[in-house]
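Reader: Please take one part of this model and look at it closely. I want the contacts, the angles and the cut-offs behind them.

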Amino acid sequence: MTTTARTAASDIKDLALAPEGRRRTEWAERSMPVLRLIRERFTRERPLQARRLSACLHVTTETANLAVTLQAGGADVVLCASNPLSTQDDVAAHLVKDHGIKVFAIKGEDHTTYYEHIRAALAHRPDVTMDDGADLVGALHMIALNRLDDLAPPVRRWIETLSGADRQALVAGVIGSTEETTTGVIRLKAMARDGVLQFPVIAVNDSDTKHLFDNRYGTGQSTLDGILRATNLLVAGSTVVVAGYGWCGRGFALRARGAGANVIVTEIDPLKALEAQMDGYRVAPMAEAARLGDVFVTLTGNTHVIRVEHMRAMKDGAVLANSGHFNVEIDLDGLKQAAQGPTRVREFVNEWRLGGKRLFVLADGRLINLAAAEGHPASVMDMSFANQALAAEHVVRHAKQLGKDVHRIPRELDAEIARLKLAAMGVAIDTLTPEQQKYLTSWEMGT
Ligand SMILES: NC(=O)c1ccc[n+]([C@@H]2O[C@H](COP(=O)([O-])OP(=O)(O)OC[C@H]3O[C@@H](n4cnc5c(N)ncnc54)[C@H](O)[C@@H]3O)[C@@H](O)[C@H]2O)c1
(Lines give C-alpha, C1' and ligand atoms only; values in the text may rest on other atoms or scores of the structure.)
Protein backbone atom coordinates (compact mmCIF):
# COMPACT_ATOMS: atom_id res chain seq x y z
CA MET A 1 0.00 0.00 0.00
CA THR A 2 1.39 3.39 -0.95
CA THR A 3 0.66 6.84 0.36
CA THR A 4 0.77 10.19 -1.30
CA ALA A 5 3.77 12.13 -0.05
CA ARG A 6 2.41 15.66 -0.09
CA THR A 7 4.53 18.33 1.57
CA ALA A 8 4.84 22.06 0.96
CA ALA A 9 7.91 21.27 -1.12
CA SER A 10 6.65 18.34 -3.19
CA ASP A 11 3.63 16.27 -4.16
CA ILE A 12 4.55 12.76 -5.24
CA LYS A 13 3.13 9.28 -4.80
CA ASP A 14 5.43 7.62 -2.29
CA LEU A 15 8.91 8.51 -1.03
CA ALA A 16 9.58 4.83 -0.29
CA LEU A 17 9.84 4.21 -4.06
CA ALA A 18 13.11 6.21 -4.16
CA PRO A 19 15.60 3.28 -4.19
CA GLU A 20 13.99 1.76 -7.32
CA GLY A 21 13.90 5.21 -8.94
CA ARG A 22 17.58 5.68 -8.17
CA ARG A 23 18.53 2.29 -9.66
CA ARG A 24 16.57 2.97 -12.85
CA THR A 25 17.89 6.53 -13.18
CA GLU A 26 21.46 5.26 -12.83
CA TRP A 27 20.75 2.66 -15.52
CA ALA A 28 19.57 5.41 -17.88
CA GLU A 29 22.61 7.53 -17.01
CA ARG A 30 24.90 4.84 -18.48
CA SER A 31 23.41 5.66 -21.90
CA MET A 32 23.65 9.44 -21.53
CA PRO A 33 27.36 10.24 -22.04
CA VAL A 34 26.84 13.65 -23.64
CA LEU A 35 24.66 14.87 -20.78
CA ARG A 36 27.27 13.47 -18.36
CA LEU A 37 29.99 15.62 -19.96
CA ILE A 38 27.74 18.67 -19.68
CA ARG A 39 27.05 17.84 -16.03
CA GLU A 40 30.76 17.65 -15.31
CA ARG A 41 31.30 21.08 -16.87
CA PHE A 42 28.24 22.54 -15.14
CA THR A 43 29.59 21.30 -11.79
CA ARG A 44 32.82 23.22 -12.44
CA GLU A 45 31.41 26.38 -14.02
CA ARG A 46 27.94 26.70 -12.36
CA PRO A 47 26.39 28.62 -15.30
CA LEU A 48 22.90 28.47 -13.76
CA GLN A 49 24.04 29.63 -10.30
CA ALA A 50 21.12 30.87 -8.16
CA ARG A 51 18.65 30.68 -11.05
CA ARG A 52 15.15 29.45 -10.23
CA LEU A 53 14.16 26.99 -12.93
CA SER A 54 10.69 25.46 -13.30
CA ALA A 55 10.51 22.48 -15.64
CA CYS A 56 7.28 20.91 -16.91
CA LEU A 57 8.49 17.64 -18.45
CA HIS A 58 7.61 13.95 -18.52
CA VAL A 59 9.01 12.69 -15.21
CA THR A 60 11.13 9.80 -16.46
CA THR A 61 14.58 8.43 -15.65
CA GLU A 62 16.09 10.55 -18.44
CA THR A 63 14.43 13.69 -17.12
CA ALA A 64 15.85 12.88 -13.69
CA ASN A 65 19.33 12.96 -15.22
CA LEU A 66 18.55 16.33 -16.80
CA ALA A 67 17.18 17.73 -13.53
CA VAL A 68 20.32 16.67 -11.68
CA THR A 69 22.45 18.26 -14.41
CA LEU A 70 20.58 21.56 -14.09
CA GLN A 71 20.99 21.39 -10.33
CA ALA A 72 24.73 20.72 -10.79
CA GLY A 73 24.81 23.93 -12.84
CA GLY A 74 23.55 25.84 -9.81
CA ALA A 75 19.81 26.00 -10.58
CA ASP A 76 17.10 25.68 -7.95
CA VAL A 77 14.89 23.23 -9.84
CA VAL A 78 11.16 22.52 -9.51
CA LEU A 79 9.76 19.76 -11.71
CA CYS A 80 6.12 19.11 -12.58
CA ALA A 81 4.57 16.62 -15.00
CA SER A 82 3.81 17.57 -18.60
CA ASN A 83 1.23 14.79 -18.92
CA PRO A 84 -1.02 13.20 -16.29
CA LEU A 85 -0.03 9.65 -17.29
CA SER A 86 3.70 9.92 -18.02
CA THR A 87 5.13 10.24 -14.50
CA GLN A 88 7.32 7.45 -13.17
CA ASP A 89 6.52 7.63 -9.45
CA ASP A 90 9.74 5.97 -8.35
CA VAL A 91 11.77 8.55 -10.26
CA ALA A 92 9.84 11.40 -8.65
CA ALA A 93 10.59 9.89 -5.23
CA HIS A 94 14.29 9.51 -6.07
CA LEU A 95 14.63 13.17 -7.09
CA VAL A 96 12.96 14.39 -3.91
CA LYS A 97 14.73 12.03 -1.54
CA ASP A 98 18.23 11.81 -2.97
CA HIS A 99 18.62 15.23 -4.60
CA GLY A 100 16.24 17.51 -2.70
CA ILE A 101 14.62 18.52 -6.01
CA LYS A 102 11.00 19.64 -5.56
CA VAL A 103 8.70 17.47 -7.68
CA PHE A 104 4.97 17.82 -8.29
CA ALA A 105 3.85 14.79 -10.28
CA ILE A 106 1.82 11.64 -9.65
CA LYS A 107 1.07 9.07 -12.35
CA GLY A 108 -2.67 9.10 -13.12
CA GLU A 109 -3.30 12.50 -11.50
CA ASP A 110 -6.63 14.09 -12.43
CA HIS A 111 -7.02 17.34 -14.33
CA THR A 112 -7.27 19.44 -11.15
CA THR A 113 -4.14 17.92 -9.63
CA TYR A 114 -2.28 18.31 -12.92
CA TYR A 115 -2.96 22.05 -12.86
CA GLU A 116 -2.33 22.27 -9.11
CA HIS A 117 1.14 21.01 -9.99
CA ILE A 118 1.52 23.57 -12.78
CA ARG A 119 0.54 26.20 -10.20
CA ALA A 120 3.26 24.93 -7.85
CA ALA A 121 5.85 25.24 -10.64
CA LEU A 122 4.73 28.83 -11.32
CA ALA A 123 4.70 29.66 -7.61
CA HIS A 124 8.45 28.87 -7.65
CA ARG A 125 8.67 32.23 -9.49
CA PRO A 126 11.08 30.94 -12.12
CA ASP A 127 13.75 32.95 -13.95
CA VAL A 128 13.80 30.22 -16.58
CA THR A 129 11.05 27.78 -17.59
CA MET A 130 11.41 24.53 -19.47
CA ASP A 131 8.33 23.07 -21.17
CA ASP A 132 7.26 19.99 -23.09
CA GLY A 133 4.05 21.22 -24.73
CA ALA A 134 4.12 24.87 -23.55
CA ASP A 135 1.80 24.45 -20.55
CA LEU A 136 3.92 26.67 -18.25
CA VAL A 137 4.52 29.32 -20.88
CA GLY A 138 0.86 29.13 -21.96
CA ALA A 139 -0.31 29.85 -18.39
CA LEU A 140 2.24 32.68 -17.99
CA HIS A 141 0.90 34.30 -21.15
CA MET A 142 -2.74 34.05 -20.06
CA ILE A 143 -1.62 35.84 -16.86
CA ALA A 144 0.33 38.48 -18.82
CA LEU A 145 -2.67 39.12 -21.09
CA ASN A 146 -5.07 39.11 -18.12
CA ARG A 147 -7.08 36.28 -19.70
CA LEU A 148 -7.73 34.68 -16.35
CA ASP A 149 -10.84 32.82 -17.59
CA ASP A 150 -8.57 30.81 -19.88
CA LEU A 151 -6.53 29.52 -16.93
CA ALA A 152 -7.33 26.16 -15.35
CA PRO A 153 -9.15 26.73 -12.02
CA PRO A 154 -6.24 25.83 -9.67
CA VAL A 155 -3.98 28.35 -11.42
CA ARG A 156 -6.71 30.99 -11.71
CA ARG A 157 -7.65 30.79 -8.02
CA TRP A 158 -4.00 31.32 -7.03
CA ILE A 159 -3.47 34.18 -9.47
CA GLU A 160 -6.57 35.92 -8.15
CA THR A 161 -4.90 36.10 -4.72
CA LEU A 162 -1.97 38.08 -6.22
CA SER A 163 -1.99 41.82 -6.83
CA GLY A 164 -1.77 43.13 -10.41
CA ALA A 165 1.85 44.18 -9.80
CA ASP A 166 2.70 40.78 -8.40
CA ARG A 167 1.20 39.05 -11.45
CA GLN A 168 3.20 41.22 -13.83
CA ALA A 169 6.34 40.61 -11.74
CA LEU A 170 5.78 36.86 -12.08
CA VAL A 171 5.84 37.14 -15.88
CA ALA A 172 8.53 39.83 -16.05
CA GLY A 173 10.75 37.67 -13.81
CA VAL A 174 11.07 35.06 -16.57
CA ILE A 175 14.18 35.89 -18.61
CA GLY A 176 13.58 33.09 -21.08
CA SER A 177 12.30 29.63 -21.70
CA THR A 178 12.98 26.40 -23.55
CA GLU A 179 10.54 24.12 -25.36
CA GLU A 180 10.99 20.42 -26.04
CA THR A 181 8.35 19.33 -28.55
CA THR A 182 6.82 20.07 -31.96
CA THR A 183 3.39 20.89 -30.55
CA GLY A 184 4.85 23.37 -28.04
CA VAL A 185 6.95 25.05 -30.72
CA ILE A 186 3.88 25.44 -32.93
CA ARG A 187 2.04 27.18 -30.07
CA LEU A 188 5.04 29.44 -29.34
CA LYS A 189 5.54 30.42 -32.98
CA ALA A 190 1.84 31.38 -33.09
CA MET A 191 2.42 33.61 -30.02
CA ALA A 192 5.46 35.24 -31.65
CA ARG A 193 3.50 35.76 -34.88
CA ASP A 194 0.67 37.45 -32.93
CA GLY A 195 3.23 39.68 -31.17
CA VAL A 196 2.31 38.48 -27.68
CA LEU A 197 5.41 36.46 -26.75
CA GLN A 198 6.76 37.98 -23.52
CA PHE A 199 10.30 36.56 -23.50
CA PRO A 200 12.73 34.63 -25.71
CA VAL A 201 12.20 30.90 -26.11
CA ILE A 202 14.67 28.33 -27.38
CA ALA A 203 12.94 25.72 -29.52
CA VAL A 204 14.92 22.64 -28.56
CA ASN A 205 12.79 20.63 -31.00
CA ASP A 206 14.28 22.64 -33.88
CA SER A 207 17.80 21.33 -33.18
CA ASP A 208 18.82 18.66 -35.67
CA THR A 209 20.18 16.55 -32.81
CA LYS A 210 16.67 16.62 -31.32
CA HIS A 211 13.95 16.04 -33.92
CA LEU A 212 15.98 13.90 -36.34
CA PHE A 213 16.66 11.38 -33.56
CA ASP A 214 14.24 11.78 -30.63
CA ASN A 215 11.11 12.26 -32.76
CA ARG A 216 12.11 9.69 -35.37
CA TYR A 217 13.96 6.89 -33.61
CA GLY A 218 12.79 7.59 -30.06
CA THR A 219 9.09 7.88 -30.86
CA GLY A 220 9.38 5.15 -33.48
CA GLN A 221 10.67 2.56 -31.04
CA SER A 222 8.84 3.62 -27.89
CA THR A 223 5.44 3.93 -29.57
CA LEU A 224 5.67 0.35 -30.76
CA ASP A 225 6.92 -0.59 -27.27
CA GLY A 226 3.91 1.13 -25.64
CA ILE A 227 1.39 -0.57 -27.94
CA LEU A 228 2.98 -3.96 -27.34
CA ARG A 229 3.15 -3.56 -23.56
CA ALA A 230 -0.49 -2.44 -23.49
CA THR A 231 -1.86 -5.16 -25.79
CA ASN A 232 0.75 -7.89 -26.45
CA LEU A 233 -0.61 -8.00 -30.03
CA LEU A 234 1.28 -9.76 -32.82
CA VAL A 235 2.44 -7.08 -35.24
CA ALA A 236 3.51 -9.43 -38.03
CA GLY A 237 0.87 -9.66 -40.71
CA SER A 238 -1.34 -6.96 -39.20
CA THR A 239 -2.30 -3.72 -40.91
CA VAL A 240 -1.09 -0.64 -39.06
CA VAL A 241 -2.42 2.77 -40.07
CA VAL A 242 -0.01 5.63 -39.29
CA ALA A 243 -1.59 9.09 -39.32
CA GLY A 244 1.07 11.71 -40.06
CA TYR A 245 4.39 11.14 -41.86
CA GLY A 246 6.42 13.78 -40.04
CA TRP A 247 9.43 12.91 -37.92
CA CYS A 248 7.49 10.82 -35.42
CA GLY A 249 5.24 9.16 -37.98
CA ARG A 250 8.07 8.06 -40.25
CA GLY A 251 9.98 6.66 -37.28
CA PHE A 252 7.00 4.64 -36.16
CA ALA A 253 6.12 3.48 -39.68
CA LEU A 254 9.68 2.18 -40.06
CA ARG A 255 9.52 0.17 -36.82
CA ALA A 256 6.01 -1.18 -37.55
CA ARG A 257 7.15 -2.36 -40.98
CA GLY A 258 10.27 -3.83 -39.40
CA ALA A 259 8.05 -5.89 -37.10
CA GLY A 260 6.16 -7.26 -40.10
CA ALA A 261 3.14 -4.98 -40.37
CA ASN A 262 1.55 -3.80 -43.60
CA VAL A 263 1.68 -0.05 -43.10
CA ILE A 264 -0.79 2.47 -44.50
CA VAL A 265 0.09 6.16 -44.11
CA THR A 266 -2.45 9.00 -44.03
CA GLU A 267 -1.28 12.59 -44.63
CA ILE A 268 -2.58 16.03 -45.53
CA ASP A 269 0.76 17.34 -46.89
CA PRO A 270 1.38 16.23 -50.51
CA LEU A 271 5.16 16.27 -50.08
CA LYS A 272 5.08 14.03 -47.01
CA ALA A 273 2.53 11.78 -48.67
CA LEU A 274 4.80 11.46 -51.72
CA GLU A 275 7.75 10.59 -49.49
CA ALA A 276 5.68 7.90 -47.76
CA GLN A 277 4.57 6.50 -51.12
CA MET A 278 8.17 6.36 -52.42
CA ASP A 279 9.37 4.90 -49.13
CA GLY A 280 7.17 1.98 -50.10
CA TYR A 281 4.09 2.48 -47.94
CA ARG A 282 0.51 2.50 -49.11
CA VAL A 283 -0.91 6.03 -48.81
CA ALA A 284 -4.65 6.57 -48.45
CA PRO A 285 -7.14 8.95 -46.87
CA MET A 286 -8.30 8.00 -43.38
CA ALA A 287 -11.80 7.27 -44.68
CA GLU A 288 -10.33 4.46 -46.78
CA ALA A 289 -7.65 3.31 -44.32
CA ALA A 290 -10.30 3.09 -41.56
CA ARG A 291 -11.83 0.00 -43.22
CA LEU A 292 -8.48 -1.77 -43.51
CA GLY A 293 -6.53 -1.17 -40.31
CA ASP A 294 -6.09 -3.44 -37.32
CA VAL A 295 -4.13 -0.82 -35.37
CA PHE A 296 -4.38 2.99 -35.80
CA VAL A 297 -1.76 5.36 -34.45
CA THR A 298 -1.96 9.16 -34.66
CA LEU A 299 1.29 11.18 -34.69
CA THR A 300 0.24 14.47 -36.24
CA GLY A 301 0.06 17.16 -33.53
CA ASN A 302 -3.37 17.94 -34.98
CA THR A 303 -6.87 17.58 -33.63
CA HIS A 304 -9.62 15.02 -34.44
CA VAL A 305 -7.60 13.16 -37.04
CA ILE A 306 -9.64 10.03 -36.28
CA ARG A 307 -13.33 10.93 -36.02
CA VAL A 308 -16.49 8.96 -35.29
CA GLU A 309 -17.22 8.63 -39.00
CA HIS A 310 -13.88 6.78 -39.32
CA MET A 311 -14.50 4.67 -36.21
CA ARG A 312 -17.85 3.53 -37.60
CA ALA A 313 -16.02 2.16 -40.66
CA MET A 314 -13.41 0.26 -38.64
CA LYS A 315 -13.24 -3.52 -38.23
CA ASP A 316 -14.44 -5.23 -35.09
CA GLY A 317 -11.51 -5.30 -32.66
CA ALA A 318 -9.59 -2.33 -34.10
CA VAL A 319 -7.04 -0.79 -31.73
CA LEU A 320 -6.61 2.99 -31.53
CA ALA A 321 -3.60 4.75 -30.01
CA ASN A 322 -2.10 8.21 -30.07
CA SER A 323 1.54 9.23 -29.79
CA GLY A 324 1.13 12.92 -30.61
CA HIS A 325 1.48 15.39 -27.78
CA PHE A 326 -2.13 16.04 -26.75
CA ASN A 327 -5.02 13.62 -26.35
CA VAL A 328 -7.05 15.38 -29.05
CA GLU A 329 -5.98 13.44 -32.13
CA ILE A 330 -8.65 10.76 -31.63
CA ASP A 331 -12.12 12.29 -31.12
CA LEU A 332 -12.83 10.66 -27.78
CA ASP A 333 -15.67 13.03 -26.89
CA GLY A 334 -17.40 12.03 -30.12
CA LEU A 335 -16.78 8.37 -29.33
CA LYS A 336 -18.15 8.83 -25.82
CA GLN A 337 -21.38 10.21 -27.25
CA ALA A 338 -21.76 7.65 -30.01
CA ALA A 339 -20.60 4.46 -28.28
CA GLN A 340 -21.25 2.41 -25.15
CA GLY A 341 -18.48 2.06 -22.63
CA PRO A 342 -15.80 2.13 -21.68
CA THR A 343 -15.03 -1.24 -20.16
CA ARG A 344 -11.48 -1.59 -18.91
CA VAL A 345 -10.37 -4.94 -20.37
CA ARG A 346 -6.69 -4.66 -19.55
CA GLU A 347 -4.43 -2.00 -18.04
CA PHE A 348 -4.35 0.90 -20.54
CA VAL A 349 -7.02 -0.74 -22.77
CA ASN A 350 -10.62 0.50 -22.85
CA GLU A 351 -13.24 -1.31 -24.90
CA TRP A 352 -15.98 0.73 -26.57
CA ARG A 353 -19.00 -0.74 -28.38
CA LEU A 354 -19.99 1.11 -31.50
CA GLY A 355 -22.70 -0.26 -33.83
CA GLY A 356 -22.16 -3.84 -32.71
CA LYS A 357 -18.37 -3.61 -33.06
CA ARG A 358 -15.68 -3.43 -30.37
CA LEU A 359 -13.03 -0.73 -30.55
CA PHE A 360 -10.08 -0.68 -28.17
CA VAL A 361 -8.64 2.71 -27.19
CA LEU A 362 -5.24 2.67 -25.52
CA ALA A 363 -4.24 4.94 -22.61
CA ASP A 364 -7.26 7.23 -23.03
CA GLY A 365 -5.68 8.60 -26.19
CA ARG A 366 -2.67 9.98 -24.30
CA LEU A 367 0.92 9.51 -25.47
CA ILE A 368 1.06 5.72 -25.63
CA ASN A 369 4.84 5.50 -25.38
CA LEU A 370 4.93 7.39 -22.09
CA ALA A 371 1.69 6.05 -20.61
CA ALA A 372 2.16 2.33 -21.24
CA ALA A 373 5.94 2.14 -21.72
CA GLU A 374 8.86 4.21 -20.41
CA GLY A 375 9.14 6.85 -23.11
CA HIS A 376 12.17 7.11 -25.35
CA PRO A 377 15.35 5.15 -24.70
CA ALA A 378 17.96 7.07 -22.73
CA SER A 379 20.49 7.04 -25.54
CA VAL A 380 18.28 9.26 -27.71
CA MET A 381 17.17 11.47 -24.80
CA ASP A 382 20.89 12.03 -24.17
CA MET A 383 20.89 14.34 -27.20
CA SER A 384 17.52 15.97 -26.51
CA PHE A 385 18.45 16.77 -22.93
CA ALA A 386 21.99 17.87 -23.86
CA ASN A 387 20.11 20.42 -25.99
CA GLN A 388 17.85 21.34 -23.06
CA ALA A 389 20.78 21.86 -20.69
CA LEU A 390 22.70 23.95 -23.25
CA ALA A 391 19.53 25.88 -24.11
CA ALA A 392 19.02 26.81 -20.44
CA GLU A 393 22.65 27.96 -20.28
CA HIS A 394 22.22 29.92 -23.53
CA VAL A 395 19.12 31.68 -22.18
CA VAL A 396 20.90 32.67 -18.97
CA ARG A 397 24.02 33.89 -20.77
CA HIS A 398 22.31 35.70 -23.65
CA ALA A 399 18.81 36.64 -22.44
CA LYS A 400 19.43 40.34 -23.01
CA GLN A 401 20.54 39.89 -26.64
CA LEU A 402 17.79 37.41 -27.56
CA GLY A 403 14.61 39.09 -28.82
CA LYS A 404 11.12 38.08 -27.73
CA ASP A 405 10.98 35.40 -30.37
CA VAL A 406 11.42 31.67 -30.89
CA HIS A 407 15.09 30.84 -31.44
CA ARG A 408 17.06 27.67 -31.97
CA ILE A 409 20.32 26.95 -30.17
CA PRO A 410 23.37 27.97 -32.21
CA ARG A 411 24.17 25.47 -34.95
CA GLU A 412 27.72 25.01 -33.59
CA LEU A 413 26.28 23.64 -30.33
CA ASP A 414 23.95 21.34 -32.27
CA ALA A 415 26.92 20.04 -34.30
CA GLU A 416 29.00 19.67 -31.13
CA ILE A 417 26.32 17.44 -29.57
CA ALA A 418 26.42 15.22 -32.68
CA ARG A 419 30.23 15.11 -32.51
CA LEU A 420 30.22 14.15 -28.82
CA LYS A 421 27.53 11.50 -29.39
CA LEU A 422 29.50 9.90 -32.21
CA ALA A 423 32.65 9.92 -30.08
CA ALA A 424 30.76 8.29 -27.21
CA MET A 425 29.49 5.61 -29.61
CA GLY A 426 33.08 4.98 -30.76
CA VAL A 427 32.33 6.10 -34.31
CA ALA A 428 35.02 8.01 -36.18
CA ILE A 429 34.38 10.02 -39.35
CA ASP A 430 36.53 11.64 -42.01
CA THR A 431 37.58 15.29 -42.07
CA LEU A 432 37.87 17.50 -45.14
CA THR A 433 41.32 17.69 -46.71
CA PRO A 434 42.53 21.25 -47.48
CA GLU A 435 41.96 20.45 -51.17
CA GLN A 436 38.35 19.39 -50.49
CA GLN A 437 37.73 22.43 -48.34
CA LYS A 438 38.92 24.68 -51.16
CA TYR A 439 36.87 22.75 -53.74
CA LEU A 440 33.68 23.10 -51.73
CA THR A 441 34.07 26.85 -51.29
CA SER A 442 35.11 27.76 -54.83
CA TRP A 443 33.09 28.32 -57.99
CA GLU A 444 35.85 28.36 -60.63
CA MET A 445 36.15 24.62 -61.19
CA GLY A 446 33.70 22.99 -63.64
CA THR A 447 33.69 20.20 -66.21
N1 LIG B 1 5.30 10.47 -28.31
C2 LIG B 1 6.36 11.21 -28.07
O3 LIG B 1 7.16 10.93 -27.18
C4 LIG B 1 6.62 12.40 -28.92
C5 LIG B 1 7.95 12.81 -29.19
C6 LIG B 1 8.15 13.92 -30.02
C7 LIG B 1 7.07 14.60 -30.55
N8 LIG B 1 5.78 14.19 -30.21
C9 LIG B 1 4.60 14.86 -30.73
O10 LIG B 1 4.16 14.14 -31.90
C11 LIG B 1 3.47 15.04 -32.78
C12 LIG B 1 4.12 14.99 -34.18
O13 LIG B 1 5.44 15.50 -34.08
P14 LIG B 1 6.42 15.52 -35.35
O15 LIG B 1 7.72 16.04 -34.85
O16 LIG B 1 6.35 14.24 -36.08
O17 LIG B 1 5.70 16.68 -36.21
P18 LIG B 1 5.83 16.94 -37.77
O19 LIG B 1 5.35 18.31 -37.99
O20 LIG B 1 7.19 16.54 -38.26
O21 LIG B 1 4.79 15.88 -38.41
C22 LIG B 1 3.41 15.95 -38.27
C23 LIG B 1 2.81 15.43 -39.57
O24 LIG B 1 1.40 15.24 -39.42
C25 LIG B 1 0.78 15.64 -40.62
N26 LIG B 1 -0.63 15.93 -40.38
C27 LIG B 1 -1.19 17.04 -39.83
N28 LIG B 1 -2.53 16.92 -39.79
C29 LIG B 1 -2.82 15.70 -40.31
C30 LIG B 1 -4.04 14.98 -40.54
N31 LIG B 1 -5.22 15.51 -40.24
N32 LIG B 1 -3.95 13.75 -41.09
C33 LIG B 1 -2.76 13.20 -41.42
N34 LIG B 1 -1.58 13.83 -41.22
C35 LIG B 1 -1.62 15.06 -40.67
C36 LIG B 1 1.58 16.86 -41.08
O37 LIG B 1 1.40 17.12 -42.46
C38 LIG B 1 3.00 16.42 -40.74
O39 LIG B 1 3.63 15.74 -41.82
C40 LIG B 1 3.52 16.40 -32.10
O41 LIG B 1 2.36 16.55 -31.32
C42 LIG B 1 4.73 16.29 -31.20
O43 LIG B 1 4.71 17.22 -30.14
C44 LIG B 1 5.55 13.09 -29.46
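**Helix H2 and its surroundings**

Leu-35, Ile-38, Arg-39, Phe-42 and Thr-43 in H2 meet Asn-65, Leu-66, Val-68, Thr-69 and Ala-72 in H3. Contact here means heavy atoms within 4.5 Å. By class, this contact of H2 with H3 has 6 nonpolar, 3 polar and 1 charged residues. Ala, Val, Leu, Ile, Met, Phe, Trp, Tyr, Cys and Pro count as nonpolar; Asp, Glu, Lys and Arg count as charged; the others, Gly among them, count as polar.

The model is predicted: local features need pLDDT of at least 70, side-chain atom pairs count only at pLDDT 80 or more, and totals for chains, interfaces and linings use all residues. Residues are numbered from 1 along each chain as its sequence is written, and side-chain values use heavy atoms, with hydrogens and water left out.

H2 covers residues 33-45 and H3 covers residues 61-72. Helices (H or I, at least four residues) and strands (E, at least two) are DSSP runs, numbered from the N terminus. The axes of H2 and H3 come within 8 Å and cross at roughly 20°. Axes are lines fitted to C-alpha atoms, for helices over the stretch in contact, and angles run from 0 to 180 degrees between N-to-C directions. H2 and H3 are therefore roughly parallel to each other. Angles under 35 degrees count as roughly parallel, over 145 as roughly antiparallel, 65 to 115 as roughly perpendicular and the rest as oblique. The crossing of H2 with H3 is left-handed: the near helix is turned anticlockwise from the far one by less than a right angle.

H2 also meets helix H18, residues 411-424. Their axes come within 9 Å and cross at roughly 115°. H2 and H18 are therefore roughly perpendicular to each other. On the H2 side, Pro-33, Val-34 and Leu-37 make the contact. H18 brings Ile-417, Leu-420, Lys-421 and Ala-424. This contact of H2 with H18 divides into 6 nonpolar, no polar and 1 charged residues.

Next, the loop. Ala-50 is found between H2 and strand S3 (52-57). Phi of Ala-50 is near 65°, a positive value in a residue other than glycine.

One backbone detail lies elsewhere in the chain. The peptide bond from Gly-341 to Pro-342 is cis, with omega near 5°. Pro-342 has its place in strand S14, residues 340-346.
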